[in-house]
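Dear colleague,

I am passing on the structure below for you to look over.

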Amino acid sequence: MVVVLKYGVSLEDAQRIRDTIKGKYPGLEIDISVGEERTLLLLKGSAERMISSDYVAGIEGVETYHPVLKPYKLGLRESHPQDTVIKVGNVKIGSEFIVMAGPCSIEEKTVMMEIARGVKDAGGKIIRGGAFKPRTFPSDFRGLGEEGLVTLAEAGYATGLPTITEVMDASQIELVARYADILQVGARNSQNFTLLDALSRIDKPVLLKRGAALTFDEWLGSAEYLLLGSRNDNGEYVGNPNVMLCERGVKSSDPNTFRNTLDVIAVIEARSKSHLPVIADPSHGTGKRHLVVDAGLSAVTAGAHGLLVEAHYNPSKAKTDGAQTIDLKALEKLVRIGEDLYRLRREWDL
Ligand code: PEP
Ligand code: MN
């Protein structure tokens, strides 16, 4: 970290500030660099990540500071150069191209079974569906709860495909993990740190959506909660290594036309900076059925390992999010062309 001291701060004051910081963080090496207009403190070493920037900013005489290291590292290639591959059933997320598809909300059993079979026939590898739905207004349909989880598990069993569903609160983790193979943290909960902490302790993979207004660093900061975990009895941190990042669109500057804007730049950045599997959700990322396939294919071109898509054999009958739900024919096309693009993308990654 480079700490810039205010104009006119003397060398003695700079030494005093250095000693104050060293007193709090004894592991740090701190050099003083006296320039023509400003004096700088150079805080060296990876202990920088432990420094509270709030604390440094509050010291009298400090004008500003510039971190050199990101305040997270476990999600970065710096600490794990190879791509992380998460094995769920026979599916290898982060290696082969995968599409997770199904309705927004889990539907009643016969409907869900038919969707699940259709998803499998279309080449989908994982069945999605929400039992606990985060809704903006309490009057909206909020999901079938445990009954939905049972149906989802049955659909997974009947097709032989793994399942993914959202967990909205730490108190639901045990129940949801009993039925589903992958737990999803929704966009609204991507900075629910108690939920993330609790999910760092489970042995099932977690898909972390990027909140609609989250910066890249904040998204990776949330992933760090899952990866870092908490201290065990020996004082070592143990986290959940099976984390995937999911870009699902940011607030649109044109909400009348687009519910959200799928941020393909964030997909490119996530692929380049992080070793974690990157998934894109073109359904929530657009909000409009006619945009979903093209947006999904753009995300594959940008480097996504997979897609999370809302699909139904009859989208008009979907309990929720019908306007952004594609039919099974469109899903089949998305999978087929997505696979070709994924192969091409891999070639140019080499
Ligand atoms: C969902 O996938 O059903 C969902 C609610 O997504 P998001 O959290 O991205 O809005
Ligand atoms: Mn939805």
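**Pockets, ligand and cavity**

The lining of the largest pocket is made up of 8 nonpolar, 5 polar and 6 charged residues, where Ala, Val, Leu, Ile, Met, Phe, Trp, Tyr, Cys and Pro count as nonpolar, Asp, Glu, Lys and Arg as charged, and the others, Gly among them, as polar. This is a predicted model, in which local features need pLDDT of at least 70 and side-chain atom pairs count only at pLDDT 80 or more, whereas totals for chains, interfaces and linings use all residues. Residues are numbered from 1 along each chain as its sequence is written, chains are lettered from A and ligands numbered from 1 in the order in which they are written, and side-chain values use heavy atoms, with hydrogens and water left out.

The largest pocket has a volume of about 540 Å³. Of the 19 residues lining the largest pocket, Arg49, Pro71, Tyr72, Glu224 and Leu228 are the closest to its centre. Helix 7 gives the largest share of this lining, 6 residues, and both helix 6 (193-199) and helix 7 (216-228) supply at least two residues each; helices here are DSSP runs of H or I with at least four residues, and strands are runs of E with at least two, numbered from the N terminus.

A pocket is an open set of points on a 1 Å grid over the protein atoms alone, with protein on both sides within 12 Å along at least five of seven lines, while a cavity is a set where a 1.4 Å probe fits but cannot get out; lining residues have an atom within 4 Å of a point. A volume is the space filled by probe spheres set on the points, which are joined across faces, edges and corners.

Ligand 1 sits in the second largest pocket, in the sense that more than half of its atoms lie within 2 Å of the grid points. The lining of that pocket divides into 4 nonpolar, 5 polar and 10 charged residues. An oxygen atom of ligand 1 lies 2.7 Å from a side-chain N or O atom of Arg248, and the corresponding distance is 2.8 Å for Arg128 and 2.8 Å for Lys133.

By the cavity rule there is 1 cavity of 30 Å³ or more, and the largest cavity holds about 40 Å³ of space. Strand 9 (residues 163-166) gives the most to its lining, with 3 residues.

Best regards

Conventions: A polar contact is a pair of N or O atoms within 3.5 Å; within protein, one must be able to donate a hydrogen and the other to accept it, and residues adjacent in sequence count only if both atoms are side-chain atoms.
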